[in-house]
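Here are my notes on this one, in the order I'd go through them. Have the structure open while you read.

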Number of protein chains: 2
Amino acid sequence: MRLAELSAETGVAIPTLKYYLREGLLHPGRSLSRTQADYDESHVDRVRLVRALSEVGGLSLARIEQVLDVITDPGTDRLHVLEAAQRTLARSGRPGEGDEGVSTDRVRAWVEQHGWEIDPQDPFLDDLALAWEACDHAALGLDEERMSRYADHVEGVAAVDVGTVPADPEGAVRHVVVGTVLVDPVLVALRRLAQQHVSRRTERVGT
Amino acid sequence: MRLAELSAETGVAIPTLKYYLREGLLHPGRSLSRTQADYDESHVDRVRLVRALSEVGGLSLARIEQVLDVITDPGTDRLHVLEAAQRTLARSGRPGEGDEGVSTDRVRAWVEQHGWEIDPQDPFLDDLALAWEACDHAALGLDEERMSRYADHVEGVAAVDVGTVPADPEGAVRHVVVGTVLVDPVLVALRRLAQQHVSRRTERVGT
């Protein structure tokens with residue numbers, strides 16, 4: 001298909017597609033002439049992926065480029081690749097954002113006490129420290145015990161995540177990165193709905 | 001304390017504090033003279049709350065204003081107030097974002113089959129439909145069965161949320177709104193860490 005058809009198929013404007021091509025977010029089409037190229041389903045998939053990561057995942061284009069790099073060059077060791085893929089998503093790894101020197105001592109102590117096996121350099125420890133500190137500032141009463149109760153339920157979510165990762169390396173990396181980003185909003189919406197369900201049930205029991 | 005001390009205490013610049021005062025995000029201090037006012041701990045708390053909602057929660061100032069309105073005028077009926085408070089957070093309610101006509105039929109059918117008691121007009125149904133559709137576009141294989149497995153674990157998270165809501169109405173609304181926004185990043189970080197823990201355990205079992 002031509003660029004105009006790719007645009008119609010994906011709902012993304014032609015100038016935006018040209019921008020994706022220039023920035024390497026979209027691989028070039030098969031050249032037909034000096035000014036025309038042919039695009040296929042792989043381009044449709046890629047454009048949809050970029051849009052989803054940007055609009056639903058809220059990632060910047062620079063961030064999406066990193067994610068796509070990991071997807072298209074997955075390397076060798078499965079576990080390391082999956083962890084590297086995941087690490088591109090850490091908030092504290094984003095330029096201009098991040099920990100600003102928040103201490104991870106409390107988080108490390110909690111992780112150890114909770115029994116999770118985590119790389120001590122994992123950037124998500126910084127993310128967790130930052131998010132926990134914000135809850136403290138808002139006096140939400142989020143202590144170690146409540147953190148562990150959350151963690152037990154979230155471990156169930158993660159087991160579903162890990163259990164659905166495909167076996168082939170490229171598919172696995174794609175699934176981890178894209179699945180992590182795109183399933184977050186699903187879980188956020190589910191949490192709100194579950195809160196409503198649980199509090200309606202609780203209030204009815206209470207009256 | 002004076003405005004300069006409030007600034008030092010919260011790490012927020014004086015022009016930003018003046019902006020918060022003008023916009024009503026921060027309540028006025030006790031007037032000492034035509035140009036000076038006295039601020040107290042309630043101002044420190046409020047400024048920290050606004051920063052947390054903005055930086056960690058990612059809410060716009062307009063959105064934060066809505067949230068603060070709900071917190072400071074909690075009305076009467078507890079359950080309705082809590083649901084109204086929560087609703088201010090719906091993605092699909094945000095101007096310029098939202099569903100763009102995404103169908104909620106599949107989500108409604110799934111919710112009913114899953115047995116959750118949810119207001120059929122709840123905007124989080126739109127959020128879930130939108131997030132689910134994005135996963136479909138990325139071919140993540142998120143079907144009804146996996147959604148239900150996620151939902152069961154998330155219901156555990158929501159039970160922790162609801163169980164820690166304070167009894168007084170103002171505290172409850174504050175806790176629901178602020179807790180929902182600020183605990184999201186905690187859960188996101190926990191999910192990444194739990195994925196690492198679960199996949200390390202799984203890979204070790206597999207070798």
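Predicted model: local features only at pLDDT ≥ 70, side-chain atom pairs only at ≥ 80, totals over all residues.

1. Four residues of domain 1 of chain A are in contact with four residues of domain 2 of chain A (contact: C-beta atoms, placed from the backbone, within 7 Å). Domain 1 covers 1–56 and domain 2 covers 76–206, with bounds from an automatic or database domain assignment.

2. Residues are numbered from 1 along each chain as its sequence is written, while chains are lettered from A and ligands numbered from 1 in the order written.

3. Between the chains, 64 residues of chain A are in contact with 64 of chain B. On the chain A side, α9(A) gives the largest share, 26 residues (helices are DSSP runs of H or I, at least four residues, numbered from the N terminus). By class, the chain A side has 35 nonpolar, 14 polar and 15 charged residues (nonpolar: Ala, Val, Leu, Ile, Met, Phe, Trp, Tyr, Cys and Pro; charged: Asp, Glu, Lys and Arg; polar: the others, Gly among them).

4. Leu128(A) is worth a click: leaving out residues up to four places away in sequence, Leu128(A) touches Val107(A), plus Val186(B), Ala189(B), Leu190(B) and Leu193(B).

5. As for α8(A), its 20 residues should span 28 Å at 1.5 Å a residue, and the end C-alpha atoms are 28 Å apart, so the two agree (expected span: 1.5 Å times one less than the number of residues).

Definitions and conventions. Contact = placed C-beta atoms within 7 Å. Helix = DSSP H or I, 4+ residues; strand = E, 2+ residues; numbered from the N terminus.
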